[in-house]
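Subject: Structure handover

Hello,

Here is the structure for you to look through. Please open it first, then read my notes below.

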Amino acid sequence: MKHLLLVLLTAAVAAAGDLQRLRRVAIDVDNKNEAAKEMHSIVDLPECQDLKKFCTHQKSTDNLSMLECALTFSSSQLEALPETCQHALWMQQRQLQLPAWIEKTLLPTYCPEERQKLESCLNSVYMWKCLNEQRLQLPQSNSCQQHLRRAFNALGQDYSNVDEFYVACSSLVEHHKCGRLNVEHLPSLLSQLGTAECLRSNAQKSSIEPTCMSAMNAIELQRGMLELFRVCSEDLPSLCPQEQAGTAGAFKCLVRHKSHPSMTANCASQISKRDQQMGRDYRVSHGLAKACKDDIKLHHCRRGVSEDKHVRLAQILLCLESVSKNGTKLAPPCLVELTDHRRMLMTDYQLSPELLSDCADDIPKFCPDEHKAQLVNGLTGTGGEIIHCLLEHVKARRPQRRVTAQCQRGLETLIKVSDAGEDWRVDPVLRRACKPVVDVACKDVEGGEARVMSCLVERIGTPSMLPECEQALLIIEYFVARDFKLDPQLYKHCRDDAVKYCRAKRQWDDAQNVQMDPERGPMILPCLHRMAFSEDAHQTLRKECFKEVKRVMRQRAMSMDLIPEVEDYCLNDLSFFCADCVEKGSEMECLQKNMDQLQPECKTVVVKYTEEEAAHVELNPVIMNVCGEAMQQHCSAILKSGKDNGDMMDCLIAHKNDADLRKDLRCRAAIEHFQIISLKNFHFTTKFKEACRPFVQRFCSSSITKNDVVGCLSEVMRNDTIRGQRHQIPKECRHQVKAQLYQQRESIQLDPKLANACAKELEQFCGDQKGPGQALECLIKKTPSLGKACHHAIFMIKKSELGDSGTDYTLLNTCKEMIYKFCPSTDSAKLLDCLKTYKDDTQFDQRCHLVVVNRMIEQNTDFRFNPSLQSACGKNIDSYCSSIVASALPNEELNGKVIHCLKDKFRQSKLDEPCAQEMIKILQEQALNYKLNPLLQVFCKSEIQELCKANMDADEHGQVAECLKTAFLQKQIINRQCQMEVATLIAEAKADIHVDPILETACTVDLLRYCSKVSSGNGRKLNCLRTLLKDTPNSLDRDCREKLQRRIEMFHNADDTLALPPEDMQQLVQQVVASPARKFFLVILMSATGLIFLTGIFLGRATKRAMGLKNK
């Protein structure tokens, strides 16, 4: 029998009252319980003297002990207790459910040592469940454990089912002292039957709150069903032996046999009575019409309605809802009836005629289990299950799992008529699932106008949300998202703007304007969202509407079901690609990842939504969920301004590698996902799109992805810089291009072309390089070992970042402090040049120093990596080195060949002044660090390792170069190619002493003292010192004199080494003219010429004499 009662009587839980009133009542009860602590013990009340007689076995006479004792009484014993005593015991049982009694009586009195641990349960969704779990962890002998067990048992097993009745009616019960014990030991809500009957007898109907009246009606309804199965207890076994009492099948069977001859008259009478009750439930609509008679007449709600009474009443209901939504107040009795009707409609689908007809085939097809449990004429086990089952199948992804179009229209009408999006308590399934969440997370939210619904939506994805609540909530929100009228706050604040800008109807209900989905009407919310961020100052939303639009768009972003403009076009793609995506915002991420494979219509709407998401971070639920702290800490100014337009994502990206975000892996991953998605289309980066769109169309119209666009624009910028001409791309766009290049250097994932080209090398050489920028640095260091495709890709990277330091992630981050200290006002593109100047400063950071040197080494491998050299020596390269450039392979380094060519012309003093000055800088650095000379490294590799190994650690002070020069002088270098490179290195100093830092340092004083007026270049400074050495050697410092003498000796040897046999007369003449011994060659030539002349004279005379003798 108890199973029967449990199944039948759970329906009453669906009739919840008005939440705000319930809270006020709960507060009142809590306050009164404070006074209850002061009142006398129950056992001392004159009316409760029988307790002393029947409870002698109790060790204590406190109130809890007396309640425990009374709960063991038989029905006759309970009935014998005076009503006043029963009321006192009822109040005690009520107190057990209140946190105030736990906190101020139970814990301090019985659990002082465990109090701190147990107090955590006071804020739990299920307080007593938490307390009971904590109790089970305590020893059996523990006093606190025993008292908790006693209190929990005194609550009764069905305490949660009667909680709403307690809260709704406690104030009235106490006022009339109507608390009654469960005399008949009935289960669940029927345990309050005696209390409800007392209230009906003693309280005036007008004084009973609607919430309390609803709870009392639920008890009466359950009693009616209990009475029916009690009266028919003998008929059921004989007529329906296969059915179990209390089940849907049992009731159906009794109804089918209502006219059976063997059915008793009493049972038949009860079934007829039940039919009448169902008739009265339908006539609630008539009650609404009666209570709202004046309002119906005043607002002409009878015009144009159907003759079908059910439809007519539904339309009248919509008319009244429209009147209320448009700001006109209805009579209070009418509002009460309106609320009851809405709740009733969501409880039983059979009370909606359109569902009965439109969903007749869908119910057994999609909801077979619920359909079997459905009682005839609309009584359900707990209320609303079939409706929610149908609603769930409206949003099914697979077409074969979706309800028919006509059933969907009927459900849309039901949601609109019941206005389920306004009051969370209207839907019994939603109310049951979300009440624990509301009690904890939304307890301070003012009821009405969907505020609690909005609070619940905001809690999705948080620890306080329960899975069953989230599921029920999203079903209702699915329909709210498709009709902006169903969101009271949005409709209230945005109605005028929607009418003005989005062609919305002014009336809340318009039978001619069905706009629940995109196929049958305008999408108002997307229109409002576009207007919210319109650049037209004359077309802007009001402040309140702007706020609501942002709220709704943020809430909708958490689930694809709530974004109809995307979901309705992407059902097939969602089913195919994203069937396993269940987390908040994961479906949109899935569509974005598979964007290139989506169907055209779906791709179009996903692209559009992603573009909006990039501009307004509130549309990105993942970022909003996991990056809240980061936004507060790093981007609070943007949050306070309320304006985004891409600034928030730029801010998060800029701080992505800060210490706190490196630890916040979820937020960092979400930011990187956005960066990767944005690579698919440059429109997905708001600032870049706005700054560069015209120039993309002009210069890069064939580029598809953002990477292609960035590469194209950066090449245009680079060429303008090298040519020294005015930039064709404006500053703002250049800044955005550099920002994108900077991001690519930070993570190879953001450069798909590089990642694909170097996939093998990354795995082989750089598998352990996971930090920002580390993988790219690893590939650059491994350049000689890279495959052809990867080598070419790295060449382009080096060409870009060495041409503009503002895109060099490693340089900017490693040298951040040095830049601030030495180069604060330097243009970001020129930072490397600035840092070169200060790299040998004693206060220069060693990590930064290493990065700068590595960049200099890279620059010297190819003149294309050095914009300054290209700019200064462009004409000379074209004149003297064009053959080298022409023979170069595309995207491969020349390994210093062009610089070597320029060196030769530098020694010959053939370079223009700007080019010569640039070469002096390069040669100075190469003299100090042999690694900056790629040809010297290659040709003299073994000599450096064998002869100069001890000097390799001091390579940045010119010691290796000096070692090689000494070895060259001592004839220790055998390799001809190395001899030539060292000889070249020595000969370069003859052109300008500045390219020999060791000699220049040793002779600094003498240069200032004797040669300060001598201009630089063409070896003039060196010749000045050589003249001094020849004429007045003692005038020079000893160190300068010794080094100069060694240099002169080196010069002779270098000249001999560099002197190649002339290939033609022109080269011979040039070598003679350039030779230091050209005077000697001139004397020899003149002597030879004279000798030939004299010989000719002598031979001429001899020949003449011989001819004369012959003629004779």
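At what angle do H4 and helix H10 (residues 143-155) pack, and how far apart are their axes? The angle is about 45°, and the axes are 10 Å apart. Axes here are lines fitted to C-alpha atoms, for helices over the stretch in contact, and angles run from 0 to 180 degrees between N-to-C directions.

Before going on, a word on the source. This is a predicted model, where local features need pLDDT of at least 70, side-chain atom pairs count only at pLDDT 80 or more, and totals for chains, interfaces and linings use all residues. Residues are numbered from 1 along each chain as its sequence is written, and side-chain values use heavy atoms, with hydrogens and water left out.

**Overall**

The protein has 66 helices and zero strands. Both are DSSP runs numbered from the N terminus: helices are H or I with at least four residues, strands are E with at least two. Of the 1112 residues, 52% count as buried. Buried means under 20% relative accessible area, exposed over 50%, and partly exposed in between (1.4 Å probe, protein chains only). Take the contacts between residues at least 6 apart in sequence: 65% of them join residues at least 24 apart. A contact means heavy atoms within 4.5 Å.

**Helix H4 and its partners**

Back to H4 and H10. Their angle makes H4 oblique to H10. For the wording: under 35 degrees counts as roughly parallel, over 145 as roughly antiparallel, 65 to 115 as roughly perpendicular and the rest as oblique. The H4 and H10 crossing is left-handed. That term applies if the near helix is turned anticlockwise from the far one by less than a right angle; clockwise gives right-handed. On the H4 side, the contact is made by Leu64, Ser65, Leu67, Glu68 and Leu71. H10 brings His147, Arg150, Ala151 and Ala154.

H4 (residues 63-71) also packs with H6, at about 110° and with axes 10 Å apart. That makes H4 roughly perpendicular to H6. This crossing is left-handed. H6 makes the contact through Leu89, Gln92 and Gln93. H4 uses several residues there, including Asn63, Met66 and Ala70.

**Nonpolar cores**

A nonpolar core is a set of buried Ala, Val, Leu, Ile, Met, Phe, Trp, Tyr and Cys residues joined through side-chain atoms within 4.5 Å. The largest one has 64 residues. Which of them touch the most other members? They are Leu390, Leu456 and Ile476. H28 gives the most to this core, with nine residues. Setting aside neighbours within four places in sequence, Ile476 is in contact with residues that include Met346, His388, Ile415 and Met453. A second, separate core has 57 residues, among them Cys948, Cys978, Cys1040 and Ala1054.

**Aromatic pairs**

The structure holds 10 aromatic pairs. Rings of Phe, Tyr and Trp (its six-membered ring) pair if their centres lie within 6.5 Å; planes under 30 degrees apart count as stacked, over 60 as edge-to-face and the rest as tilted.

Trp90 and Tyr166 have ring centres 5.3 Å apart and planes at 80°, so they are edge-to-face. Trp90 sits in H6 and Tyr166 in helix H11 (residues 163-176), 76 residues apart. Trp90 is buried, at 1% relative accessibility. Tyr166 is buried too, at 3%.

Phe795 and Phe865 have ring centres 5.0 Å apart and planes at 50°, so this pair is tilted. These two are 70 residues apart. Separately, Phe822, Tyr838 and Phe844 form one aromatic cluster.

**Single residues to look at**

Is Lys965 buried or exposed? Lys965 counts as buried, at 5% relative accessibility. Lys965 lies in helix H59 (residues 959-969). Beyond residues up to four places away in sequence, Lys965 touches Val982, Leu985, Ile986, Asp996, Arg1047 and Met1050.

Most residues other than glycine have a negative phi. Lys177 has a positive phi of about 50°. Lys177 is exposed, with a relative accessible area of 51%. Asp419 has a positive phi near 50°. Asp419 lies in the loop between H25 and H26 and is buried, with a relative accessible area of 1%.

Best wishes
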